[in-house]
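Here are two exercises to work through with the model open beside you. Try each task before reading its solution.

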Amino acid sequence: MNTPKGLKYAKTDEWVKLDGDVATIGISDYAQDQLSDIVYVEIVVEAGDSVSKGDTIATVESVKAAADVNFPADGEILEINEALAETPETLNSDPYGEGWLLKMKLSNPAQLDALMDADAYEAYNESREG
Amino acid sequence: MIEPTIYELSQPGRKGVAFPESDVPAYDLPAGFAREALKLPELSEQDVVRHFTHLSQLNYSIDGGFYPLGSCTMKYNPKINEEMARLPGLANTHPLQPIETVQGNLYIMYQLQEWLQEISGLNRVCLSPAAGAQGELVGALIIKKYHEINNAPLRTKILIPDSAHGTNPATSAMSGFKVVSLPSDARGNVDLEALKAECDETLAGLMLTNPNTLGLFDENVLEVIQLVHEAGGLVYGDGANLNALLGVVRPGDLGFDIMHFNLHKTFSTPHGGGGPGSGPVGVSEALAEFLPSPVVTIIEKGDEETPPFFGFYTPQHTIGRMKAFYGHFGMHIRAYTYIAMHGPAGLLDIAQKAVLNANYLMAQIKEDYTLAYDRTCMHEFVVEGAWEDIPDIHALDISKRLMDYGYHPPTNYFPLIVHEALMIEPTETESKQTLDAFAKAMKAIAKEAREDPDLLQTAPHNTPIRRCDEVKAARDLVLCCWIPE
Amino acid sequence: MFTPHTPQEIEEMLKVVGVETIEELFEKVPEDFRFPELDLPEGLSEMAISAELKELASGNATTEDFISFLGAGAYNHYIPAAVDMILRRGEFYTAYTPYQPEVSQGTLQAIFEFQSLMTELTGMDVSNASHYDGATATAEAANLAYHFFRGKRKKIVVSRSVNPQYRETLRTYMQGLENVQVLGDEPAAGVSGDLNKLLALTDKDTALVIVQYPDFFGRIIDYTKLIEAAHSQGALVAFVFNPTALGLLKPPGEFDVDIAVGDGQPLGIPLSYGGPYLGIFTIKDKYVRKLAGRLVGETEDETGKRAYVLTLTAREQHIRREKSTSNICTNQGLMALAATVYLSLLGKSGFKQVAELCYQKAHYAAEQISKVKGYDLAFPETPFFHEFVVSTPEPVSMINAHLQEHGFLGGYDLSLDYPEMKNKMLIAVTEKITKQDIDDLVAVLEEAHHD
């Protein structure tokens, strides 16, 4: 399983890449693997929306499962990845690159401190496989 | 061979049925509303009959063989049921006819209500819900309205054991409740400590399937119900598994406040390839006035000379109407026929043989498949469809391989709390010979899994089609066939 | 009868299980309540139950014995013999939901063809595998709209000329959703010219506007302006349609509606005292992820052969659980099959002909009945399909009692649902009614007048 260093990970399998106060958010390699073939992504927020930690960002559906993706922090949406609507399989093939879901401006970047780093997330995934 | 679609078979100019010419003068259509084109297929009657006969031959069915689909109660559907539902005197009655012209229908519905009350130990039954899921919705809405009327609007929490059907949480959410999942204990019962922790002033009710989806009778059912009642909640019984309880125990006697019946499971009305079902709901005396409308009732009592006069009744606090008219009357006739033919002794026989068959089959295969819970089961049981020493074989592979042996697979991947679940419900109508043959196939597959796993992974081999590309179906989304221009 | 066990087999089976008696298997059932005496009549033989039900059935008046002018949501159409012959095939009616596509292609392809026929009939993009009936399909349309707006729009606007039972069902379904209001069909709205009222109610808080086409009174109303206005507020629009009418009339899709629902009973399904019927549910493409109920899609098997599967199942209750749009599990599989066989048999020309016969005969009946003294068309200026409202000189129940004595089932008494419609009868005419039947009816009405 690919778990790039330098990103932050949530227990609910979102990753966050921080650049100043702008965060890019996606779902982890582990999450896409668990879901298997993703057939649909619906991002339920728009650029300009103010959002709170814990709100649903998106719904991801595979043939056998559906999962909600949640905001790891408060902020304002800057941009969403429109291309995913047409090519949801990108989430399987490139979860950390072309498969990003959205970019947001964080109002309180310190909220991300509660997330895991790559090592902790890998350990967490191993414990779940148990 | 691929069966063409009706549109591919169509030949311009063909006709399957002729109607008489109009015997009245012609009247013009209103301007601006006339339809330009309606591209329906054009076929002869024989074309149509052959096409659908071919399609039917691609199906597995109870009439064709053993169908141990857990929690679906795929028992034999007696043919007399079909004859009775089609009696012209019943099938050709319009739902809005004056009630004095349909007393025969109302008698059947009233009797069925009474019988379901007697069988369940509940006080009042309404037949209108269209299916089990709608029966559940009725139950959840009754719980909601009951608390509203009793000035407890803050009771917004519904407890659902983790072994429940997915419908339960969906129903609760549709009714505006917050859903809290309850874990099962090591013996497959509701975890009493977890239940106690949730019994507070926000508790609206508990939705309980008993026997549960593991096929186990909850050993603490009386205590579970008592705890919920003491906390001010109501207990809803999912009647999906009632087949195990006919004449054995009445849910109303155990303290259940509400339950739905699945006439298409317990009372042998056919599953129809996915419907129509029928999901009457029974309630305790305290909830009788919350039932959906209408309920069939006696309007004028009869005496020795005149029969009672039947009509409809709208309960005082009714949650409202669930559908048009009075429910799936055609299914009511079938269930009426079935219960009338069985009587009390016959109903008990159903439950006894259903439970005997399940335990017998479980005993036959438990050497080869790990039981989720090794204790006496009711009408169904759950095994793990996987082995630690062959990690690449899954429940799905076993299911697909069973098709090669001529069987419909059990329910797969449900209940969710069992790893690689295979849920097996033989029903009472299957003979010892059928169960023996099925057990033999299960054993053979367990052996194949070790000796030739590829045989399972590439199964089925003898079916009209092989495994399907479900990802393509979902990504490309073709929901309608080619229609000629 | 239906349990095949011989005493000897029971013995052998108990031995394998490891118990002495069947009763031992029920030890976990609380003893105080175990094996109650059920107060039910003793079981009957097949011959006896058959005789009993025939006796009960013979006491009913039926649409075969009487000339029926009842409609109001259930219609007495001719059903070709081949429809029921197909439905009686055990391979169809004793199968269950096609979860395992390898052994369910028959049901799957039939539903796929049903979906295809429904999209063609309605002019909509997508049809699901069906809902319970027209009433629940209407309620589920509101459910879809509510979820489409993620609960942010709280108003469902519904016309008073939508089937009253459908509106009741809609309200039942909406009571679980937070703060949702169903409005627009209050008595004050009136049954004619209520379009302005609906227009006034439709705003940025409206999720869905529901109208019927033809409406409950059989009228063909032009909703174009209402649809434009609703869309300009961002609201969705649903049509409740009668499928037979679509044999002649412009389909809902051409009016740019978002959802079109209806009851498929007129498509080869017996009256059967109100059920089982068939809920037709069709939508524009963009709502497919919020669609409740089953969907069949085309795909290939691993050898490349065309095949059908249940698809987009991740939307449904067994996976989405409390987040699904609806809790619906089943569809009306066998009833959808009936509609598919019916439309295949009637085909392009036959279905249109049935619609024309209904239209022509209804118009002849309206013309003749309105010539009887005391009888007038309630909406003489409005076009209609195969149902129309007549003002009667006396309460409808009295007229119907008289008609019954002469072998007719009269029309529906609208005062039962509409207090403002005293002495108004809703008359339905299908292809099964002959000119002679209509002339006979008129003669009885005239005669009654002279009594």
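A salt bridge here is a side-chain nitrogen of Lys or Arg within 4 Å of a carboxyl oxygen of Asp or Glu. This is a predicted model, where local features need pLDDT of at least 70, side-chain atom pairs count only at pLDDT 80 or more, and totals for chains, interfaces and linings use all residues. Residues are numbered from 1 along each chain as its sequence is written, chains are lettered from A and ligands numbered from 1 in the order in which they are written, and side-chain values use heavy atoms, leaving out hydrogens and water.

**Exercise 1.** Find the salt bridge between domain 1 and domain 2 of chain B.

*Solution.* 
1. Start with the bounds, which come from an automatic or database domain assignment: domain 1 of chain B covers 81–340 and domain 2 covers 346–470.
2. Next, the count between these two domains is 1 salt bridge.
3. Now look at B:Glu219 and B:Arg375: they form a salt bridge, with their closest N and O atoms 3.4 Å apart.

**Exercise 2.** Work out which residues of helix H12 of chain B are buried.

*Solution.* 
1. Helices (H or I, at least four residues) and strands (E, at least two) are DSSP runs, numbered from the N terminus; H12 of chain B spans residues 395–404.
2. Buried means under 20% relative accessible area (1.4 Å probe, protein chains only), and 9 of the 10 residues of H12 pass.
3. Check them off: B:Ala395, B:Asp397, B:Ile398, B:Ser399, B:Lys400, B:Arg401, B:Leu402, B:Met403 and B:Asp404.

Notes. Buried < 20%, exposed > 50% of the residue type's maximum accessible area, 1.4 Å probe, protein only.
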